[in-house]
Amino acid sequence: MKHYDNDKRAFRDSRIFFCILVFISAVILIGVTLWNLNDSYSGGNAMPYDETWTYESGSLADFDNLITEEHVTIHKRIDGDIINTKSLCFHSKNIHFSIFLDGEMIYDFHPKAPKYMGKSYGVYSHSVTMPVITHDGDVRIVIDNLYPGKPGYIKDMHLDSSNHFIVGEIQDSIIELLACVITIVFGVLLALIGLFGRNFGDKRYEIVSFGAFSTAAALWIATGTQADALLTGAPVAVHFANYMALDLMTYPGVIFAAYITGNKESKLSIGFGLLALTKIIFSIISTCIGFRDYHQLLFLTHILIVLGILTFIYYLIRGIVKKTLSNVLAKIVIVFFALAMIVSIYDVIMYFNNMHNYITFSISTSALYIFILVCGIYEFVSITEMSKRGQYAEAMEQMAYQDELTNMFNRKAFNRTLQEIEKGTESYTFVMLDLNNLKNVNDEYGHEMGDTYIVSIADYICRSFQNKEKCYRIGGDEFFVISEYKPTEESFKKCLTRLSDMIAEFNQEKKPPIELSIAYGYEVYDPTKDEQNKILRVADERMYEMKAQMKLAKSS
C-alpha cells in the first residue's frame, strides 16, 4: 500500500512537472516568435518620396512645417515607371486629406466618428497603392487641417514595393500591445479578486483601486500604439479611448495611494475624484458643442496628472511621518514611483524639444510597467497571505460550529441560526428529532456501538433533508432540522418518507441488536408573529408524543 501511495505521488508530481514544462516551452516559443518578427521583412525596397512637393503657389512644401491654413493643397509630378507596382507610405497627424492622381481620387482619409469622440486621431500610418500608369502624371494631396492655426503633418513619406510598411508598423508595436493586453487582464483579475474575495476587509479597496489603475494605464498605452489603430481601423475611436484612459487612471492611482499610506479617511481623495469627474464631463460637453476638443484640452489633463502626482507624494510623506506605511511597501513605492517620475519628466522634455520618437515605446511607459509589475507582485503576495489567514479562520470557525462525531452543525451553530432567523421575516418549519433507545444501546453494548447509531442516524437525516434544510446535532441523541418548506408541501413529506425508508433498510440489512428508530415533531415558525421558544416547545412536545406512541405500539 505504501509503494502504491509513492507511485501515485510520483505520478502527480510528473503531471505537474510536464505542465510546467509545457508552460515554459510556450513562453520560449512566444519569445522566439517576437524576437524574429521582422526577419521575413528585412531589406524592403523603400525609396524616400518627400522631396519636390509644392504648394499651388509653386513654393516648396515642408512636411515638417505645413502652412496653417484650413485647406492646403500640395502636388508633385511623378514618373509612371517609378510609381507603378508601388505604394505611397507615410504617417499623418491632425489632418484629413484626399489623394488624387491626374484628377481622379485614389485615396480618401476623412474618418467618421460620433461627435463626442472629437476629431483627433493621433499618429496614423497609410499605405496607398498607386494605380498603374504609362505616362508621367500629377499627384495632388488636398489637406484639411483639423486645427487651423496649428498645422498637422505628414512624415516619413516613401515608396515601398512590398507590404512591409503596414506590417512593419504593426510589428514595431505588437510587443507593446501584447504587454498592454496582459496588463489589462492582470488589472481586471486583480479588481475582481478585490471585489469578490473574502476576508480582505478594507484591503479590498486598495486591491480594487490598483487593479483599476493598472487597467486604465495599460489601456492608455495600448491606444497609443500603431498596432491598435491599424488593427481596429478606427483611429478616432482609439484616440478617444486614449484621452479617456489618461483622465481615468489618475483617480484610482490617488485612491491606491490613500489606502497604502493609511490615509483612507482623507477627504482629499474625494475632492480629487470630483475634480477628475468634472474634467471628464467638461471635456465631453466641450467637444460635443464644438468649443474645444480633447486634443485642445490636453493641458487640463496634464494639470490633473500633476495634481494626482502631488497628492500621491503628499500621502506618501504623511504615511511615512505617521508610520502608517509599512517599510517594505514604502521602499517599493518610493523607489519605483520616483523612477517613474524622473523618466516621465525626461520624456516630457524630449517631447517638447521634438527629440522624442513619436511612435516608439517611451522610457516613461517602461517605468510605468515596472511600477505596475512591482506593486502588483506585492498585492498578490498580500492576497495570498490574507487568503491563508482567511482559510485558517474558516477552518477554526468550522471546527467551532461543527459536531466532531457526525460532522453536522452543533449546538453553537444552532443557536446562531435561531438568532438570525428571529431577526428575519421568512417562515420555517422546525423539526425536533430524538434517537430512541440510545441509553439502552450504550448500557448493553457500549458507547462505541452507541456512536455507530448516532453516526448512522445523523447520516440519514442529512441525506433525507437535501433541499435547503440545515441539520444540527444539539445533544447526545437530539437532532434538529430547519426547513424552508411547510409540512403540507410534498417536498417536506418526501424528506420524512426518505428518512423512514433509510432507517427500515438499516434495520433489515444490519439487523442490529436493538432496532434503530427515531421520533420527531415539527411546527411552523413565523418570526413576524410567533415566539421562538414557544414554537420550539411545541415541536419538542410533538416529538415526545410520537415517542410515547411508538413505545405503546411496541408494547402492544
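The axis of a helix is a line fitted to its C-alpha atoms over the stretch in contact, and the angle between two axes is taken between their N-to-C directions. Two packed helices are described by this angle and by the distance between the axes. The model discussed here is a predicted one.

**Helices H6 and H9**

Helix H6 covers residues 235-248 and helix H9 covers residues 298-322; their axes lie 9 Å apart and form an angle of about 25°. Angles under 35 degrees count as roughly parallel, and H6 is therefore roughly parallel to H9. The crossing of the two helices is left-handed. The residues that make the contact are listed below.

| Helix | Residues in the contact |
|---|---|
| H6 | Tyr243, Leu246, Asp247 |
| H9 | Leu298, Thr301, Leu304, Ile305 |

Of the residues in this contact, five are nonpolar, one is polar and one is charged.

**Helix H6 itself**

Most of H6 is covered, with eleven of its 14 residues buried. Among the buried residues are Tyr243, Leu246 and Asp247.

**Residue Thr417**

Thr417 belongs to helix H12, residues 411-422. Is Thr417 buried or exposed? Its relative accessibility is 9%, and Thr417 therefore counts as buried, since buried means under 20%. Apart from neighbours within four places in sequence, Thr417 is in contact with Lys470, Tyr472 and Ile482.

Methods:
Residues are numbered from 1 along each chain as its sequence is written. This is a predicted model: local features need pLDDT of at least 70, side-chain atom pairs count only at pLDDT 80 or more; totals for chains, interfaces and linings use all residues. Side-chain values use heavy atoms; hydrogens and water are left out. Axes are lines fitted to C-alpha atoms, for helices over the stretch in contact, and angles run from 0 to 180 degrees between N-to-C directions. Helices (H or I, at least four residues) and strands (E, at least two) are DSSP runs, numbered from the N terminus. Angles under 35 degrees count as roughly parallel, over 145 as roughly antiparallel, 65 to 115 as roughly perpendicular and the rest as oblique. A crossing is left-handed if the near helix is turned anticlockwise from the far one by less than a right angle, and right-handed if clockwise. Contact means heavy atoms within 4.5 Å. Ala, Val, Leu, Ile, Met, Phe, Trp, Tyr, Cys and Pro count as nonpolar, Asp, Glu, Lys and Arg as charged, and the others, Gly among them, as polar. Buried means under 20% relative accessible area, exposed over 50%, partly exposed in between (1.4 Å probe, protein chains only).
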